[in-house]
Amino acid sequence: MLLTASHAADVARYSPRHLAFVVPLVALHLSCLFVFVVGASPLAVSVFVGTTVVQVFGITAGFHRLLAHHSYRTSRFFQCVMALLGVLAGQNGPLWWVAHHRHHHAHADREGDTHSPRAGFFWSHMGWLFSERSIPLRDDLVRDLARLPEMLLLERYYYVVTLGYAGLLYVIGGWQLVVWGSVLSTVFTYHAIWSANSVCHRFGTRRFPTNDDSRNNFLVALVTLGDGWHHNHHFSPYSARHGFRWWEIDINYAVLRCLAAIGVVWDLRLPPERVTRAAAAS
Ligand SMILES: [Zn+2]
Ligand SMILES: [Zn+2]
């Protein structure tokens, strides 16, 4: 892989000034070890699975397909609900997330891409978060969201949602539920979502002549509810459907179709038929 000058410069930007970001992230990972102290129970495992699914759905169907790409439409109320579910995953506020993601699509694996694996696998997975590249919020990339007061509120106080949820779990089931339903689920969701930036730009299959290194990856698709069909997505970013073949499991799209059937969402955008036909032939 060619490491461009800007990618090399990115890696050189690991900075102690970002300890405020590094310390909580490392502490959260180490906190996973508390699972050996609190033990397991059917309730704790159920809360882990349920919370993880909601967090991943909030990021991939909410932050990603709805807020970043407008791949379907919904009411302002339900848009706020989806943003709230995304915020629960503890990946900063919706404006930060969407701005970085739109920037990625505009520069994928080329000069300026914030998290290309061309600068190293660890860099693309999570290293960039410890650098100056994670800090700037490109206001010009999220003007559509910045005019909505509810999005600004979630942007500013996103951590209240994650900490509030952890507090609720503590009241219901003590530290065991906090560890399973807040710590473990959030760390799992982090790595699932980050894998789209790292694994899906390095390992998997391609079928379209996209100007990037994006890949379709079955395993990442499973843990991200469909966003692992990342190569399809880079080719057709506005599509609400990421899995183009019947076996390309895309749970998000299935859920969105159910929500469309009951009128909660509508105008699911799809790629032209020639695109899905080309995918079917590949
Ligand atoms: Zn990508
Ligand atoms: Zn995208």
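Author: Here is a short chat about its nonpolar cores and some backbone angles.

Author: This is a predicted model, where local features need pLDDT of at least 70, side-chain atom pairs count only at pLDDT 80 or more, and totals for chains, interfaces and linings use all residues. Residues are numbered from 1 along each chain as its sequence is written.

Reader: OK, how many residues are in the largest nonpolar core?

Author: That core has 48 residues, and Leu-67, Val-98 and Trp-180 have the most contacts inside it. A nonpolar core here is a set of buried Ala, Val, Leu, Ile, Met, Phe, Trp, Tyr and Cys residues joined through C-beta atoms within 7 Å; buried means 20 or more other C-beta atoms within 10 Å of the residue's own, with C-beta atoms placed from the backbone.

Reader: Which helix gives the most to this core?

Author: Helix 10 does, with 13 residues.

Reader: And what does Leu-67 touch?

Author: Gly-62, Ala-83, Pro-94, Val-98 and Leu-145, not counting residues up to four places away in sequence. Contact means C-beta atoms, placed from the backbone, within 7 Å.

Reader: Switching to backbone: which residue has a phi near 65°?

Author: Asn-92, a positive value in a residue other than glycine. Most residues other than glycine have a negative phi. Asn-92 is found in the loop between helix 5 (76-87) and helix 6 (94-107); helices are DSSP runs of H or I, at least four residues, numbered from the N terminus.

Reader: What about Asp-109, buried or exposed?

Author: Buried, because Asp-109 has 23 other C-beta atoms within 10 Å. Its phi is near 60°, also positive.

How values were computed. Chains lettered and ligands numbered in written order. Helix = DSSP H or I, 4+ residues; strand = E, 2+ residues; numbered from the N terminus. Buried ≥ 20, exposed ≤ 12 C-beta atoms within 10 Å, placed from the backbone. Contact = placed C-beta atoms within 7 Å.
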